Amino acid sequence: MADKTIMLVCAAGMSTSLLVSKMQKAAAAQGLDAEIFAVSASEADANLAKKKIDVLMLGPQVKYMKKQFEDKVAGTDTKMDVINMQDYGMMNGEKVLKTALTLMGE
């Protein structure tokens with residue numbers, strides 16, 4: 001099992017897959033043991049229920065759901081934020097990973 005688990009949530013779970021692979025490469029380059037994956041907003045609840053998610057990051061296209069997800073992770077150790085729109089648009093996996101690590105206090 002990975003040391004860190006980062007879940008990205010987007011509308012369909014597909015547009016974020018390129019960002020996930022770039023984040024995985026950045027994590028590997030830093031020697032981090034991290035499970036990074038993307039799901040659709042509708043699949044997020046099931047993953048929150050069955051896994052310990054360290055960081056949940058919303059894609060800019062679903063940032064309107066931020067309050068719902070804040071309520072879902074309230075009272076847990078899961079940190080969450082919305083992915084910076086510019087970093088998302090540029091598919092800057094290194095920067096998004098850095099944001100996730102900062103949320104975890106790394």
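I looked up what the buried residues of α1 pack against, and found β1 (4-10), β2 (34-40), α4 (85-89) and α5 (93-103). I note that this is a predicted model.

I then checked the extent of α1. Helix α1 covers residues 17-29, which is 13 residues. From its first C-alpha to its last it reaches 18 Å, close to the 18 Å expected at 1.5 Å a residue.

Next I listed which residues of α1 are buried: Leu19, Val20, Met23, Ala26 and Ala27. These residues lie on the same side of α1, because they cover an arc of only 125 degrees around the axis. I wrote down the general rule beside this: an α-helix has 3.6 residues a turn, so residues three or four places apart point the same way.

I turned to the other side of α1 and found Lys25, Ala28 and Ala29 exposed there.

I also looked at what comes after the helix. Glycine 31 follows α1, and its phi is positive, near 75 degrees.

My second topic was a pair of helices. Two packed helices are described by the angle between their axes and the distance between the axes. For helix α2 (residues 41-50) and helix α3 (residues 66-73), I found that the axes come within 12 Å and cross at roughly 10 degrees. Angles under 35 degrees count as roughly parallel, so α2 is roughly parallel to α3.

Which residues of α2 meet α3? I found Ala41, Ala44, Asp45 and Leu48 in α2, meeting Phe69, Lys72 and Val73 in α3. Sorted by class, this contact of α2 with α3 has five nonpolar, no polar and two charged residues.

Key:
Residues are numbered from 1 along each chain as its sequence is written. This is a predicted model: local features need pLDDT of at least 70, side-chain atom pairs count only at pLDDT 80 or more; totals for chains, interfaces and linings use all residues. Side-chain values use heavy atoms; hydrogens and water are left out. Helices (H or I, at least four residues) and strands (E, at least two) are DSSP runs, numbered from the N terminus. The expected span of a helix is 1.5 Å times one less than its number of residues. Buried means under 20% relative accessible area, exposed over 50%, partly exposed in between (1.4 Å probe, protein chains only). The arc is that of the directions from the helix axis to the C-beta atoms. Contact means heavy atoms within 4.5 Å. Axes are lines fitted to C-alpha atoms, for helices over the stretch in contact, and angles run from 0 to 180 degrees between N-to-C directions. Angles under 35 degrees count as roughly parallel, over 145 as roughly antiparallel, 65 to 115 as roughly perpendicular and the rest as oblique. Ala, Val, Leu, Ile, Met, Phe, Trp, Tyr, Cys and Pro count as nonpolar, Asp, Glu, Lys and Arg as charged, and the others, Gly among them, as polar.
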